[in-house]
Amino acid sequence: MIKIKKYAAIDIGSNAMRLLISNVIEEENKPTQFNKSHLIRVPIRLGQDAFTVGEISEESAERMVKAMKAFKLLLDVYQVEKYAACATSAMREAYNGNELVQEIAKKTGIKIDIIEGKTEAAIIANSDLTSFIKNDGHYLYVDVGGGSTEFTLFSNGKQIVSKSFKNGTVRLLNNMVTEGVWLEIEKWIKTHTEHLQNVEIIGSGGNINKIFKMSGKTNDKPLTQAYLMQRYKYLNSLSYEERIYTLGLNTDRADVIIPAIKIYANAMKWSNAKHIYVPKIGLSDGIVKAMYYKNTKIKINEIL
(Lines give C-alpha, C1' and ligand atoms only; values in the text may rest on other atoms or scores of the structure.)
Protein backbone atom coordinates (compact mmCIF):
# COMPACT_ATOMS: atom_id res chain seq x y z
CA MET A 1 0.00 0.00 0.00
CA ILE A 2 1.32 3.43 -0.97
CA LYS A 3 0.94 6.45 1.33
CA ILE A 4 1.58 10.01 0.18
CA LYS A 5 2.24 12.77 2.70
CA LYS A 6 2.91 16.44 2.04
CA TYR A 7 5.80 18.09 3.86
CA ALA A 8 7.15 21.59 3.32
CA ALA A 9 10.19 23.70 4.17
CA ILE A 10 10.68 27.45 4.23
CA ASP A 11 14.25 28.64 3.67
CA ILE A 12 14.80 32.31 4.55
CA GLY A 13 18.13 33.14 2.96
CA SER A 14 20.16 36.31 2.50
CA ASN A 15 19.21 36.73 -1.18
CA ALA A 16 15.75 35.12 -1.35
CA MET A 17 13.04 33.19 0.48
CA ARG A 18 11.90 29.77 -0.72
CA LEU A 19 8.96 27.51 -0.02
CA LEU A 20 9.46 23.88 -1.00
CA ILE A 21 6.49 21.51 -0.96
CA SER A 22 7.41 17.83 -1.24
CA ASN A 23 5.46 14.64 -1.72
CA VAL A 24 6.75 12.06 0.75
CA ILE A 25 5.87 8.66 -0.73
CA GLU A 26 5.89 5.62 1.52
CA GLU A 27 5.58 2.06 0.23
CA GLU A 28 6.02 -1.09 2.26
CA ASN A 29 9.50 -2.67 2.02
CA LYS A 30 10.75 0.15 -0.23
CA PRO A 31 12.81 3.28 0.48
CA THR A 32 10.77 6.43 1.11
CA GLN A 33 10.74 8.79 -1.87
CA PHE A 34 10.94 12.58 -1.56
CA ASN A 35 9.58 14.21 -4.70
CA LYS A 36 9.53 17.99 -5.13
CA SER A 37 6.01 19.12 -5.83
CA HIS A 38 6.31 22.92 -5.86
CA LEU A 39 9.08 25.45 -5.28
CA ILE A 40 8.19 29.11 -4.83
CA ARG A 41 11.01 31.65 -4.65
CA VAL A 42 10.54 35.25 -3.53
CA PRO A 43 13.47 37.65 -4.19
CA ILE A 44 13.78 39.57 -0.92
CA ARG A 45 17.45 40.44 -0.36
CA LEU A 46 17.57 40.55 3.44
CA GLY A 47 21.36 40.43 3.38
CA GLN A 48 21.57 43.84 1.74
CA ASP A 49 20.14 45.30 4.94
CA ALA A 50 21.67 42.98 7.51
CA PHE A 51 25.25 43.07 6.22
CA THR A 52 25.46 46.79 5.48
CA VAL A 53 23.49 48.50 8.26
CA GLY A 54 22.94 45.63 10.69
CA GLU A 55 19.15 45.49 10.60
CA ILE A 56 16.30 44.42 8.34
CA SER A 57 14.72 47.57 6.94
CA GLU A 58 11.04 48.35 7.45
CA GLU A 59 10.39 47.88 3.72
CA SER A 60 12.06 44.45 3.64
CA ALA A 61 10.30 43.45 6.85
CA GLU A 62 6.91 44.34 5.36
CA ARG A 63 7.67 42.34 2.21
CA MET A 64 8.83 39.42 4.30
CA VAL A 65 5.62 39.41 6.35
CA LYS A 66 3.55 39.49 3.14
CA ALA A 67 5.58 36.61 1.68
CA MET A 68 5.12 34.53 4.82
CA LYS A 69 1.37 35.18 4.78
CA ALA A 70 1.33 33.96 1.17
CA PHE A 71 3.39 30.89 2.10
CA LYS A 72 0.94 30.10 4.91
CA LEU A 73 -2.01 30.27 2.49
CA LEU A 74 -0.21 27.95 0.07
CA LEU A 75 0.53 25.49 2.86
CA ASP A 76 -3.18 25.42 3.69
CA VAL A 77 -4.26 25.14 0.04
CA TYR A 78 -1.87 22.22 -0.62
CA GLN A 79 -2.90 20.59 2.66
CA VAL A 80 0.64 20.28 3.95
CA GLU A 81 0.64 18.27 7.15
CA LYS A 82 4.04 19.25 8.50
CA TYR A 83 6.44 22.09 7.82
CA ALA A 84 9.32 24.06 9.29
CA ALA A 85 10.95 27.42 8.62
CA CYS A 86 14.67 28.18 8.97
CA ALA A 87 16.50 31.49 8.56
CA THR A 88 20.23 31.80 7.92
CA SER A 89 22.98 34.44 8.06
CA ALA A 90 21.02 37.63 7.30
CA MET A 91 18.52 37.02 10.09
CA ARG A 92 21.35 35.83 12.38
CA GLU A 93 23.22 39.09 12.02
CA ALA A 94 20.36 41.59 11.96
CA TYR A 95 19.90 43.00 15.46
CA ASN A 96 16.13 43.09 14.85
CA GLY A 97 16.06 39.51 13.52
CA ASN A 98 14.47 38.01 16.65
CA GLU A 99 11.97 40.85 16.82
CA LEU A 100 10.93 40.14 13.23
CA VAL A 101 10.62 36.43 14.02
CA GLN A 102 8.17 37.28 16.80
CA GLU A 103 6.19 39.60 14.56
CA ILE A 104 5.86 36.94 11.84
CA ALA A 105 4.78 34.32 14.37
CA LYS A 106 2.09 36.68 15.64
CA LYS A 107 0.80 37.68 12.19
CA THR A 108 1.09 34.35 10.34
CA GLY A 109 1.41 31.61 12.93
CA ILE A 110 4.70 30.49 11.36
CA LYS A 111 7.55 29.96 13.81
CA ILE A 112 10.99 30.64 12.35
CA ASP A 113 14.16 29.06 13.69
CA ILE A 114 17.29 31.16 13.14
CA ILE A 115 20.03 28.56 12.66
CA GLU A 116 23.82 28.68 12.87
CA GLY A 117 26.11 27.93 9.94
CA LYS A 118 27.10 24.50 11.30
CA THR A 119 23.45 23.55 11.72
CA GLU A 120 22.75 24.72 8.18
CA ALA A 121 25.53 22.49 6.86
CA ALA A 122 24.25 19.54 8.91
CA ILE A 123 20.71 19.96 7.60
CA ILE A 124 21.92 20.08 4.00
CA ALA A 125 24.03 16.97 4.58
CA ASN A 126 20.80 15.33 5.74
CA SER A 127 19.38 15.76 2.22
CA ASP A 128 20.23 13.57 -0.78
CA LEU A 129 23.89 14.59 -0.54
CA THR A 130 25.05 11.23 0.81
CA SER A 131 23.65 9.41 -2.24
CA PHE A 132 26.28 11.17 -4.38
CA ILE A 133 29.20 10.19 -2.15
CA LYS A 134 31.12 7.01 -2.93
CA ASN A 135 32.75 5.06 -0.13
CA ASP A 136 36.18 5.22 -1.77
CA GLY A 137 36.15 8.90 -2.80
CA HIS A 138 36.93 12.34 -1.36
CA TYR A 139 34.43 15.18 -1.71
CA LEU A 140 34.35 18.83 -0.67
CA TYR A 141 30.76 19.98 -0.45
CA VAL A 142 30.37 23.72 -1.09
CA ASP A 143 27.09 25.54 -0.45
CA VAL A 144 27.26 29.21 -1.44
CA GLY A 145 24.65 31.55 -0.01
CA GLY A 146 24.21 35.28 0.11
CA GLY A 147 25.82 35.74 3.50
CA SER A 148 27.93 32.67 4.09
CA THR A 149 29.45 29.60 2.46
CA GLU A 150 29.40 26.20 4.12
CA PHE A 151 32.19 23.72 3.41
CA THR A 152 31.93 20.05 4.39
CA LEU A 153 34.59 17.43 3.66
CA PHE A 154 33.62 13.78 3.11
CA SER A 155 36.24 11.03 2.81
CA ASN A 156 35.66 7.31 2.28
CA GLY A 157 31.95 7.69 2.92
CA LYS A 158 32.28 9.62 6.19
CA GLN A 159 31.91 13.28 7.07
CA ILE A 160 35.29 14.51 8.30
CA VAL A 161 34.97 18.22 9.03
CA SER A 162 32.66 21.15 8.35
CA LYS A 163 33.00 24.93 8.62
CA SER A 164 30.98 28.03 7.76
CA PHE A 165 32.65 31.24 6.58
CA LYS A 166 31.20 34.75 6.30
CA ASN A 167 31.81 34.90 2.58
CA GLY A 168 28.71 35.01 0.40
CA THR A 169 27.48 36.62 -2.78
CA VAL A 170 25.66 39.58 -1.19
CA ARG A 171 28.66 40.32 1.05
CA LEU A 172 30.96 40.22 -1.99
CA LEU A 173 28.70 42.57 -3.95
CA ASN A 174 28.99 45.05 -1.08
CA ASN A 175 32.79 44.63 -0.80
CA MET A 176 32.44 43.22 2.71
CA VAL A 177 34.76 40.22 2.37
CA THR A 178 38.34 41.01 3.34
CA GLU A 179 41.46 39.39 1.93
CA GLY A 180 41.90 37.83 5.35
CA VAL A 181 38.66 35.87 4.98
CA TRP A 182 39.76 34.54 1.58
CA LEU A 183 43.12 33.51 3.07
CA GLU A 184 41.36 31.78 5.96
CA ILE A 185 39.21 29.77 3.54
CA GLU A 186 42.23 28.90 1.39
CA LYS A 187 44.17 27.70 4.43
CA TRP A 188 41.22 25.64 5.72
CA ILE A 189 40.64 23.92 2.37
CA LYS A 190 44.32 23.20 1.74
CA THR A 191 44.89 21.93 5.28
CA HIS A 192 42.05 19.42 5.04
CA THR A 193 42.53 18.29 1.44
CA GLU A 194 46.28 18.40 0.71
CA HIS A 195 46.76 14.76 1.74
CA LEU A 196 43.84 13.55 -0.39
CA GLN A 197 43.99 12.45 -4.02
CA ASN A 198 41.35 13.22 -6.66
CA VAL A 199 39.09 15.43 -4.57
CA GLU A 200 35.75 16.22 -6.24
CA ILE A 201 33.56 19.24 -5.49
CA ILE A 202 29.82 18.95 -4.89
CA GLY A 203 28.18 22.34 -5.30
CA SER A 204 24.78 23.57 -4.21
CA GLY A 205 22.96 26.88 -4.34
CA GLY A 206 20.83 28.70 -6.85
CA ASN A 207 23.77 30.19 -8.74
CA ILE A 208 25.64 26.97 -9.44
CA ASN A 209 22.32 25.36 -10.40
CA LYS A 210 21.82 28.11 -12.98
CA ILE A 211 25.37 27.73 -14.32
CA PHE A 212 24.84 23.99 -14.59
CA LYS A 213 21.56 24.49 -16.45
CA MET A 214 23.35 26.79 -18.91
CA SER A 215 25.87 24.02 -19.63
CA GLY A 216 23.18 21.68 -20.97
CA LYS A 217 24.81 18.71 -19.25
CA THR A 218 22.88 15.79 -17.83
CA ASN A 219 22.61 15.54 -14.03
CA ASP A 220 25.29 12.86 -13.69
CA LYS A 221 27.94 14.87 -15.57
CA PRO A 222 30.23 17.35 -13.78
CA LEU A 223 31.46 20.79 -14.76
CA THR A 224 35.17 21.56 -15.04
CA GLN A 225 37.12 24.44 -13.54
CA ALA A 226 37.90 25.61 -17.10
CA TYR A 227 34.17 25.80 -17.87
CA LEU A 228 33.51 27.79 -14.69
CA MET A 229 36.23 30.31 -15.57
CA GLN A 230 34.93 30.60 -19.13
CA ARG A 231 31.45 31.36 -17.76
CA TYR A 232 32.95 33.83 -15.29
CA LYS A 233 34.72 35.77 -18.04
CA TYR A 234 31.68 35.71 -20.32
CA LEU A 235 29.24 36.90 -17.66
CA ASN A 236 31.70 39.57 -16.54
CA SER A 237 31.87 40.86 -20.12
CA LEU A 238 28.13 41.54 -20.08
CA SER A 239 26.41 44.37 -18.27
CA TYR A 240 23.85 43.65 -15.56
CA GLU A 241 21.07 44.51 -18.02
CA GLU A 242 22.56 42.31 -20.74
CA ARG A 243 22.65 39.32 -18.40
CA ILE A 244 18.93 39.79 -17.80
CA TYR A 245 18.01 40.47 -21.44
CA THR A 246 20.41 38.10 -23.24
CA LEU A 247 20.52 35.20 -20.79
CA GLY A 248 17.10 35.55 -19.21
CA LEU A 249 18.48 35.76 -15.67
CA ASN A 250 16.25 37.04 -12.88
CA THR A 251 17.05 40.54 -11.65
CA ASP A 252 18.23 39.20 -8.30
CA ARG A 253 20.36 36.51 -9.94
CA ALA A 254 22.12 38.60 -12.60
CA ASP A 255 24.49 40.27 -10.12
CA VAL A 256 25.17 37.55 -7.51
CA ILE A 257 25.99 34.84 -10.05
CA ILE A 258 29.45 36.27 -10.74
CA PRO A 259 30.77 36.36 -7.16
CA ALA A 260 29.27 32.90 -6.63
CA ILE A 261 31.37 31.46 -9.45
CA LYS A 262 34.45 33.03 -7.85
CA ILE A 263 33.85 31.10 -4.62
CA TYR A 264 33.30 27.76 -6.38
CA ALA A 265 36.29 28.24 -8.69
CA ASN A 266 38.59 29.07 -5.77
CA ALA A 267 37.36 26.01 -3.86
CA MET A 268 38.28 23.89 -6.88
CA LYS A 269 41.69 25.49 -7.20
CA TRP A 270 42.61 25.20 -3.52
CA SER A 271 41.48 21.55 -3.29
CA ASN A 272 43.01 20.62 -6.68
CA ALA A 273 39.60 19.37 -7.78
CA LYS A 274 39.08 18.85 -11.50
CA HIS A 275 35.29 18.51 -11.43
CA ILE A 276 32.26 19.95 -9.68
CA TYR A 277 29.04 17.94 -9.50
CA VAL A 278 25.75 19.81 -9.11
CA PRO A 279 22.95 17.70 -7.63
CA LYS A 280 19.68 19.54 -7.03
CA ILE A 281 19.84 19.66 -3.25
CA GLY A 282 19.76 22.38 -0.65
CA LEU A 283 18.64 23.51 2.76
CA SER A 284 14.93 23.03 1.98
CA ASP A 285 15.46 19.39 0.97
CA GLY A 286 17.38 18.76 4.17
CA ILE A 287 14.68 20.32 6.34
CA VAL A 288 12.04 18.04 4.84
CA LYS A 289 14.13 14.94 5.50
CA ALA A 290 15.07 16.07 9.02
CA MET A 291 11.38 16.44 9.85
CA TYR A 292 10.44 13.10 8.32
CA TYR A 293 13.14 11.15 10.10
CA LYS A 294 12.75 13.25 13.27
CA ASN A 295 16.48 13.78 13.41
CA THR A 296 17.13 14.95 16.96
CA LYS A 297 20.70 15.96 16.09
CA ILE A 298 19.31 18.79 13.99
CA LYS A 299 17.43 21.23 16.18
CA ILE A 300 14.77 22.82 14.03
CA ASN A 301 11.29 23.88 15.02
CA GLU A 302 8.64 21.46 13.86
CA ILE A 303 5.29 23.09 13.16
CA LEU A 304 2.41 20.68 12.82
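Which residues form one aromatic cluster? They are Tyr7, Phe34, Tyr292 and Tyr293.

Good morning. The structure before us is a predicted model, in which local features need pLDDT of at least 70 and side-chain atom pairs count only at pLDDT 80 or more, while totals for chains, interfaces and linings use all residues. Residues are numbered from 1 along each chain as its sequence is written, and side-chain values use heavy atoms, with hydrogens and water left out.

I turn to the aromatic rings. The structure holds eight aromatic pairs. Rings of Phe, Tyr and Trp (for Trp, its six-membered ring) pair if their centres lie within 6.5 Å; planes under 30 degrees apart count as stacked, over 60 as edge-to-face, and the rest as tilted. Phe34 and Tyr292 have ring centres 5.4 Å apart and planes at 85°, so this pair is edge-to-face. Phe34 belongs to strand E3 (residues 33-42) and Tyr292 to helix H12 (residues 283-293), so the pair links distant parts of the chain, 258 residues apart. Helices (H or I, at least four residues) and strands (E, at least two) are DSSP runs, numbered from the N terminus. Phe34 is buried, with a relative accessible area of 18%, and Tyr292 is buried as well, at 16%. Buried means under 20% relative accessible area, exposed over 50%, and partly exposed in between, with a 1.4 Å probe and protein chains only.

Next come Phe165 and Trp188. Their ring centres are 6.1 Å apart and their planes at 75°, so this pair too is edge-to-face. Phe165 lies in strand E8 and Trp188 in helix H7 (residues 179-193), so the pair ties together parts 23 residues apart in sequence. Both Phe165 and Trp188 are buried.

Phe165 also has a charge over its ring: the charged end of Lys163 sits 5.4 Å from the ring centre. For this, NZ of Lys or CZ of Arg must be within 6 Å of the ring centre and within 35 degrees of the ring normal. Likewise, Arg171 lies over the face of Phe51, at 4.0 Å from the ring centre.

Finally, the sheet. Strands of a sheet pair through backbone hydrogen bonds, either parallel or antiparallel. Here an open sheet of six strands runs in the order E8-E7-E6-E9-E11-E10, with mixed pairing; two strands pair if DSSP finds at least two bridges between them. Strands E8 (158-165) and E10 (223-224) stand at the edges with a single partner strand each, so one side of each lacks a neighbour in the sheet. E10 pairs with E11 (residues 275-277) in the antiparallel sense over two bridges, and Leu223 stands opposite Ile276 in E11.
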